[in-house]
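Start with the structure below.

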Amino acid sequence: MGTITVLNGPNLNLLGTREPALYGTATLADVEELCHRTAAGLGHRVDFHQTNHEGVLVDQVQAARGSAGVVVNAAGLTHTSIALRDALATVPGPVVEVHLTNIHAREPFRHTSYVSGVADAVIAGCGPDGYAYAVRHVAALCSSLCSERQLHDLARA
């Protein structure tokens, strides 16, 4: 059907070793494999990226504008980057924000997300499974959009 872009922000390359009591022991490679497996089961492909640099993440969002949809864990940039929020607002397909932990049960500065305002859904606190839920949701939204477009095209014919 299409490619779902999965984008990861700063420090997510340290999954499995960074604060395992908080983030768990799954590595980013484990999360990537889960995303590929989930998408393949739905007839999609995954384009998976991680960067520690805000500008690179913005570039990756812009490059993803032709994909079926975007799953994004912006990590700390969630709470600080208006540039990232503005880039995500240009994505024509669905955008799902995902966080390994429940950001609303953590430090007060994590309660504000610039990404949420432009996301179609937010999944937080489900650990790595949240990525699988996000990929499934993007695929479901893509199916709904395709069905609506097909109905619209039939009505115009």
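Is Asn8 buried or exposed?

## Asn8

This is a predicted model. Asn8 counts as buried because its relative accessibility is 0%, and buried means under 20%. The residue sits in strand β1.

Its side chain makes a polar contact with the side chain of Tyr131, at 2.5 Å. Beyond its neighbours within four places in sequence, Asn8 is in contact with Leu28, Phe48, His49, Gln50, Thr51, Leu57, Asn73 and Tyr131.

## The sheet

Five strands form an open sheet in the order β2-β1-β3-β4-β5, and the pairing is parallel. β2 and β5 are at the edges, each with a single partner strand, so one side of each has no neighbour in the sheet. From one strand to the next, the twist averages 20°.

β1 pairs with β3 (residues 69–73) over five bridges, in the parallel sense. In this region, Val6 stands opposite Val71 of β3. Helix α2 lies across β1 and β2 and runs at about 160° to β2.

## The cores

The largest nonpolar core has 24 residues. Val6, Cys35, Val71 and Tyr131 touch the most other members. Two or more residues come from each of β1 (3–8), α2 (28–41), β2 (45–50), β4 (95–99), β5 (121–124) and α5 (129–156). α5 gives the most, with six residues.

Tyr131 touches Val6, Asn8, Leu12, Val31, Cys35, Val71, Asn73, Val98 and Leu100, leaving out residues up to four places away in sequence. Apart from this core lies another, of 17 residues, including Ala74, Leu88, Val91 and Val95.

Technical notes. Residues numbered from 1 in each chain as written. Predicted model: local features only at pLDDT ≥ 70, side-chain atom pairs only at ≥ 80, totals over all residues. Heavy atoms only, no water. Core = buried A, V, L, I, M, F, W, Y, C linked by side-chain atoms within 4.5 Å. Buried < 20%, exposed > 50% of the residue type's maximum accessible area, 1.4 Å probe, protein only. Helix = DSSP H or I, 4+ residues; strand = E, 2+ residues; numbered from the N terminus. Contact = heavy atoms within 4.5 Å. Polar contact = N/O pair within 3.5 Å; in protein donor to acceptor, adjacent residues only side chain to side chain. Pairing = 2+ DSSP bridges. Axes fitted to C-alpha atoms, helices over the stretch in contact; angles between N-to-C directions.
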